[in-house]
Amino acid sequence: MLQYLFTIFLGCMSMLLFCALCRRRRKEGEPPLIKGWIPFLGKALEFRKDSQQFLTKLQQEHGDIFTVLIAGRYITFVMNPLLYPSVIKHGKQLDFHTFSDSAASKAFGYPPMRTDHFPGMSDSVHRTYTLLQGPALDSLTFSMMGNLQQVLRRLFLSSEGAEPHGDWQEAELYDFCKCVMFEATFKTLYGQSPHLKLDQLREDFEKFDAFFPLLMAHVPISLLGKTKEIREKLIRFFYPHRVAQWNAPCEFIQARTALFQQYDTLKDQDKAAHHFAMLWASVGNTIPAAFWCLYHLLSCPEALAAVRVEIVDVVGEEKIQSICKEDITITREQLEQMIYLESSVNESLRLSSVSMNIRVVQEDFCLRLDAQYSIALRKEDIIALYPQTTHLDPEIYEQPQQFQFDRFVEDGKEKTEFYKSGQKVRYYRMPFGSGATQCPGRFFALNELKQFVCVMLLMCDMHLPHSQQEATLDTSRAGLGIMPPANQIPFRYKTRYSQESFQRE
């Protein structure tokens, strides 16, 4: 990765004279300005190395609001969560969608939607996201539940050296989560076909995803080795004539496919690129989130026992006995009853989310943050909320670095009140963004994570090896969502019933 950063640096050298002539100065009313000594790059390398530590240090030096030059963009960070509502409500002057459309189109290789070439397309695509929430979640939940069980049964049966009475097996936890969640999520969304080569698709996906942070940092794909070739291969997987052969895609994918067909100006390659982008959106953060949900439970015996008891109480012991030989159903309503499971999932997301909620300033204006405080912002600058600083704030969360599975439970129901400086914090947990930038698939993603934990705990006994080192965050993807683990974590598992019971009757 360092060689590519060095390539970026060399590419920026041609801009040195321009940057020297156009060096930005702080104006009256603007936040403190931190530019660094490297033209264009600014503080990009320090931010990438450890964003949380970097931003916390700047907050201590300059206060809750400051502007930093990072890879050619001036980003104003708002670090106090009590000020977040003032930023989030400014939808007119602070826009997210145009920036998101431009960034995604460059990363995934399709033309921007918010242009005259595709009138109304962006709004129509946005409306399809209603099929990932509300009543539509019921069919998605049912389908995902079945796919998870089928994928896991096949995996357990094919385990190398597996004995018929559920002997202990060992696997690397993140690889295990990738294998299970990628296939189950793909089949839930896009359907199934006996000719699909999902293992190869996942392998190519991981190669592309390794360079995704650099694409989002506006590094030309031509500088990233074979990434463009891999992206083209991934896009070809989703060409319309291939998608049409897959059985039982979900209603959401059907609606998107039908929508793309309405635009003659959208080439088959572009339609396929949109489907590829949706695949990334559906698994790019869910897979590492699944890892952390399972890892934290395995690291805390008390949490593991409490969540397992809750699942059994809600689902019923008799129903669970059949999970190894036939699909069982856990409904959306039953998942909602599992308050300790939901709390443990939310706690895992709190500890692993390093997202950045951004808006682009549409015009020079003065943003009023409270009755006494306002800041001047410039057109085309970025204003950013960095929720990790909230998630790890000891004033909001006691022992914020520690996993507490019941942190979000109070008096037998979800805890929603957290405070800072004596004031209630409205946005205390933000793994899915906020306001207009919230992930439209967040309800489906949360359901997936809860289902994954449920099925794993019902099917398996699991533990981490003794003296296992702690998992750490791979901060190279800071700002993009859920961080994957930086180190390998082996775990041991065995089926709770005999392998013979996995044979379908």
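The legends below describe close-up views of one predicted model. In this model, local features need pLDDT of at least 70 and side-chain atom pairs count only at pLDDT 80 or more, while totals for chains, interfaces and linings use all residues. Residues are numbered from 1 along each chain as its sequence is written, and side-chain values use heavy atoms, with hydrogens and water left out.

**View 1. Packing of helix 9 against helix 22.** Helix 9 (residues 173–190) packs on helix 22 (residues 442–459) at an angle of about 125°, and their axes are 12 Å apart; axes are lines fitted to C-alpha atoms, for helices over the stretch in contact, and angles run from 0 to 180 degrees between N-to-C directions. Helix 9 is therefore oblique to helix 22, where angles under 35 degrees count as roughly parallel, over 145 as roughly antiparallel, 65 to 115 as roughly perpendicular and the rest as oblique. Helices here are DSSP runs (H or I, at least four residues), as are strands (E, at least two), numbered from the N terminus.

**View 2. Residues in the contact of helix 9 with helix 22.** From helix 9, Phe-176, Cys-177, Val-180, Met-181, Thr-185, Thr-188 and Leu-189 meet Phe-444, Glu-448, Phe-452 and Met-456 of helix 22, contact meaning heavy atoms within 4.5 Å. These contact residues comprise 8 nonpolar, 2 polar and 1 charged; Ala, Val, Leu, Ile, Met, Phe, Trp, Tyr, Cys and Pro count as nonpolar, Asp, Glu, Lys and Arg as charged, and the others, Gly among them, as polar.

**View 3. Burial of helix 22.** Helix 22 is mostly covered, with 17 of its 18 residues buried; buried means under 20% relative accessible area, exposed over 50%, and partly exposed in between (1.4 Å probe, protein chains only).

**View 4. His-126 in helix 7.** His-126 is placed in helix 7 (residues 121–128) and is partly exposed, its relative accessible area being 47%. The C-alpha atoms of His-126 and Gln-372, which are 246 residues apart along the chain, are separated by 37 Å.

View 5. Most residues other than glycine have a negative phi. Gln-399, in the loop between helix 21 (388–391) and strand 11 (409–410), has a positive phi near 50° and is partly exposed, with a relative accessible area of 45%. Asp-411, in the loop between strand 11 and strand 12 (413–414), likewise has a positive phi, of about 55°, although it is not a glycine, and Asp-411 is exposed, with a relative accessible area of 75%.
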